[in-house]
Amino acid sequence: MYTDYIEDIEAMQVLDSRGNPTVQVKVTLESGVEGLAMVPSGASTGSFEAVELRDEDMQNFNGLGVNKAVENVNKKIAKNLIGENVFNQKYIDDELVKLDGTPNKSKLGANSILGASLAIARAAANSLDIPLYKYLGGINAYKMPLPMMNILNGGKHANNNLNIQEFMIVPVGGKTFREMLQMCTEVYKVLKEVLRKKGLVTSVGDEGGFAPDLENDEEAIELILEAVKKAGFKENKDFKLALDIASTEMNDSAKKISKEGYYFWKTDIYKTKAEMIDYLVDLASKYPIMSIEDGLAEEDWKSWKELTKRIGSKIQLVGDDLFVTNPARLKEGIKEDIANSILIKPNQIGTLTETLETINLAKENGYKTIISHRSGETEDTFIADLAVAVNSGQIKAGAPCRTDRVCKYNRLLNIENEI
Ligand code: PGA
Ligand code: ZN
């Protein structure tokens, strides 16, 4: 058996794209080879996600420091994993889960655990001197993902009046990744011109998409379709649209005013659960929308079931906060016929092995998988390799703007070139 033993694991605090502290882990092997990983962080997080351990020391990064998570890697995790064969990813991840011992990784923190898990995989690939996607997926890793590119930002990702968190373009008419990336970038540039000419703001939100104040959320869709056309493309044939409603946030806002259902806090609009379903069905029928993510909240299974019944055979319904990359929650969804796709974010569950387990479970049950970044990202491009490794078919990595987003696309260009 091939071996290269873990000699050292060292974490430190670095910054993410929002300037918040996050965990970096470096794994050094007996051979001298290293593997490095940085952990991303969400803003509209689901309450069933694995726990991101923060210091809560208000004197230090306003409570967001990750010194405790760093210390957990440097002391507890390192102590347990030094001497292990780096190629035993599943065994190592199982050990990490056991070492933590809680169902949601609240003891060590999913940020410390995932940092170690990903750095170990990368060190293993480096030890074999093969690209990460090839280490993870072998000769079966060859399918380039369709990018769902978030070019207008709202919700919690931008300080504007749009309620929907992400307005994405999907270049369904593109043949290669390089072509798809170029198509999206051209529309993004034209959208900037469209906004500028209307005297609208062209500054960007957390994922690099523009964040103007508009009349309403429908206007955002209309402006994007205008940009698609002006860039020389046809809606439906070249581009479809995808939305991430991130409606758990709206459900949380409704709870704050002692109501059920959904409160669009930015524009003071309240919708009952039934009205929310109708709203989504209506959007899907009016516009060339191929995918709606988190149209309903993480605990609103009943409405999810209804929405799936009504439009699940026609469009992709993606569970993000609903499933949180968690095999147990996905199993529940499969059993109940809820949604038909799952967003995959490794830091929602906390280890690479569990992430792969969730992906396998989705595929076995005909659920589509979309590998995803977080709104707080770093220059780490792990998800680009992962998307190809598991032939996920789709990736969400933000706008073609800001290096924390673009680095994923550039990595995919390089992978396509190699394949
Ligand atoms: P988050 O947003 O990283 O802030 O959770 C991304 C998403 O909801 O898909
Ligand atoms: Zn989402």
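Predicted model: local features only at pLDDT ≥ 70, side-chain atom pairs only at ≥ 80, totals over all residues.
A search of the whole structure finds two cavities of 30 Å³ or more. Rolling a probe the size of a water molecule over the atoms shows where empty space is left.

Next, select ligand 1, which sits in the second largest cavity. Which residues come nearest to ligand 1? Of the 15 residues around the ligand, these are A43, H157, R374, S375 and K396. Colour the shell by class: two residues are nonpolar, five are polar and eight are charged.

Now show the side chains of Q165, K345 and R374, and look for their N or O atoms. An oxygen atom of ligand 1 is 2.7 Å from such an atom in the side chain of R374. For the side chain of Q165, the distance from an oxygen atom of the ligand is 2.9 Å. For the side chain of K345, the corresponding distance is 3.2 Å. Taken alone, ligand 1 exposes 270 Å², and the protein buries 99% of that area.

Finally, colour domain 1 (6–129) and domain 2 (139–418) separately.

Note on methods:
Residues numbered from 1 in each chain as written. Chains lettered and ligands numbered in written order. Heavy atoms only, no water. Near = heavy atom within 4 Å. Polar contact = N/O pair within 3.5 Å; in protein donor to acceptor, adjacent residues only side chain to side chain. Areas by Shrake-Rupley, 256 points an atom, 1.4 Å probe, with all protein chains shown as cover. 1 Å grid on protein atoms, 1.4 Å probe; cavity = no way out; pocket = protein on both sides within 12 Å on 5 of 7 lines; lining within 4 Å. Sits in = over half its atoms within 2 Å of the grid points. Nonpolar A, V, L, I, M, F, W, Y, C, P; charged D, E, K, R; others polar. Domains from an automatic or database assignment. Points joined across faces, edges and corners; volume = space filled by probe spheres on them.
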